[in-house]
Amino acid sequence: MIELLAQTGLNALYAASYISLVAVGLVLIFGVMGVINFAHGELFMVGAYTVVALYADLQMPFLVAITFGLIFVGLLGLVMERSMFRPLRDNPLGGLVASIGFLMILQALASIGFGVRMEHIPPVTQEVIVFSEKVRLPLPRLFVMVAAVVLLGALWYFLRRTRFGWALRASAQDPEAAALQGISINQTARIAMFIGAGLAGVAGALTAPLVSVNPHMGHSVIVTAFIVIIVGGVGSLEGAVLASVVYAFVHTVVTTFWDGVIADIVGLSLMLLVLIVKPTGLFGTAERA
Amino acid sequence: MLKALFWIALAAALIALPHALSFSQQEILVFLTINVLLVASYRLLTLTGEWSLAHVVIMGVGAYASAFYTKEFGVFVPVSMLLGAVTAALVAMVLSYPLFRMKGFYFLIGSFAAGEIIRLLWKRFRDPFGGPKGLKGIEPMPDFSIGIYDFDFFEPVSYYYFAATVVAVCLWLMWRIERSPVGLTFHAVHWQDKLAQAAGVNVQAYRTLAFVIASGFAGLAGALMAHYIGTINPNSFDVEVMVFVLTWAIVGGTATFYGPILGCVVLTILNEIVLREMGFEQMRPLIYGAILILSILFLPNGLESLVERALKPFRRTPASGTPAGDAPPASPASDTP
């Protein structure tokens, strides 16, 4: 029993690490631009496909593929910002609808380019850390966890300790006042979009060898990310990370003891409950006006 | 007089239409007819300013319920369809208690969660919902004759006539509802909710009412669908279908009654007739996505705004035909606070 719990805990930590990367990016985009990016799950999917193309097909080193995933998806984010979110700045629902359109385009491109069936990606390493007979941690999962900690740490440092990060937080709090202080709204939007999209891309790239890669994989990712950002409080980065951990534990435990669909239902009910009882989220502070 | 002529001509055209089409196009026409009801009911829901992402699942509730009643209790199919609609309305009423504690973006996400929970319940519980494979062998409409025409429901033409009649009645009902004091209150709740509240309108109750009525019509659309195809499963009502409904409504525009219907008809024709016949099957989501983005960027008030502009010189009083004529443009832009 202890062993089962320990294994479940490890699985949950792994899930929490990539979920938090996706959710933090989503929160960052929402915080700075006020847009809910429905295509975020598809950015994750594109990240996974860069690994399919570069690592599995072209046999480049895994690290190169991941870096490329981060940059490429980040650039995709810039394209979204310039072509859709900037012209629709005064139209929050419009941005959301446009991102749904973008989602469909990305899905279609992935199906056309790679086919709809599951991609097989050779494992990066077969090594497994064995704690005991029933408690094991495959090394690729550890990579994901370490990468998440490093990336989130870097983001934290960027937001709290650099001028750009300071500008970003300022325009998230009050865009108009920030603009009056000479902070370029377009500039901060670009940075937020690049980082937010890049994080989703790198999360997809990191987990690509561990999950089934297909053009529709983004759906469950975006649903999970929504649950996490609502539970954590929309607009709160720390809340998103904490909620990722909470959600991953609940989901993994329910999956282990019952099944995956029940776990999804429990997750969605949790989100609905938070929306009803405390719409600002468990860890959120004030609501964004 | 001119108006009466217009309606008679339209009715004649709609009666003659299926005979000019191929068999597979007739089948598409049936779906189109049902989707018109779906998207028109979606507009009724958006009248109070809230955009739900659960509408297609609610439609599914009507489909599942109607299929279930005929299967388990042997209810006569047309009666069962009505019961399916009532069930959908009741489920919507239950959902409205938690959902209408939220507004704007939170309502959108909350409705998505609620719909997804219902859908996962269908998927999870084999009994009575049939699990991932859904319900099969749903009782078809029994054939009947009205003297001048024999309804044989193996023929899509017959089902088209039947569905079109039902949809026409529903559209007329929705039109009447919107023009009634209740419908005007819906508009007031959307555009002036503080003022409406101050004037003694129970805003919450009217939001719920719009949601419940719209859900009833959506449920009927689902039931019409279920007894036509004969098989339904949880994936028939997933968020992808919801995206299509959203696209129809936004491309068409939601300020007028006909806007979403126009969007649905135009995009379906483009989709099925043009793209499918031209062999762009795989490109369809791509083109749909591009249309969605382009229309929100360059035609934020929808196709209806083009029609309204074209009709303007012919109208004696400005915007007399549209109940929302004096309201600000109802692009989703101004919907969320």
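Trainee: What share of the contacts in chain A with a separation of 6 or more comes from residues 24 or more positions apart?

Mentor: The model is a predicted one. Two residues count as being in contact if their C-beta atoms lie within 7 Å. Among the contacts in chain A with a separation of 6 or more, the share from residues 24 or more positions apart is 76%.

Trainee: Why is chain A described as being as compact as a globular protein of that length?

Mentor: Chain A has eleven helices and two strands. For its 289 residues the globule rule gives 19 Å, and chain A is as compact as a globular protein of that length because its radius of gyration is close to that, at 19 Å.

Trainee: Which element gives the largest share of the side of chain B that touches chain A?

Mentor: In this contact, 35 residues of chain B meet 34 residues of chain A. The elements of chain B that give two or more residues to that side are α5, α11 and α13. The largest share, twelve residues, comes from α5(B).

Trainee: At what angle do helix α4 and helix α10 of chain B pack?

Mentor: α4(B) passes α10(B) in a right-handed crossing. The residues that meet include B:G84 and B:A88 in α4(B), and B:G219 and B:A223 in α10(B). By class, this contact has 14 nonpolar, nine polar and no charged residues. The axes of the two helices lie 7 Å apart, and the angle is about 145 degrees.

Methods. Residues numbered from 1 in each chain as written. Chains lettered and ligands numbered in written order. Predicted model: local features only at pLDDT ≥ 70, side-chain atom pairs only at ≥ 80, totals over all residues. Axes fitted to C-alpha atoms, helices over the stretch in contact; angles between N-to-C directions. Helix = DSSP H or I, 4+ residues; strand = E, 2+ residues; numbered from the N terminus. Left-handed = near helix turned anticlockwise from the far one by under 90°. Nonpolar A, V, L, I, M, F, W, Y, C, P; charged D, E, K, R; others polar. Rg over C-alpha atoms; globule rule 2.2 N^0.38 Å.
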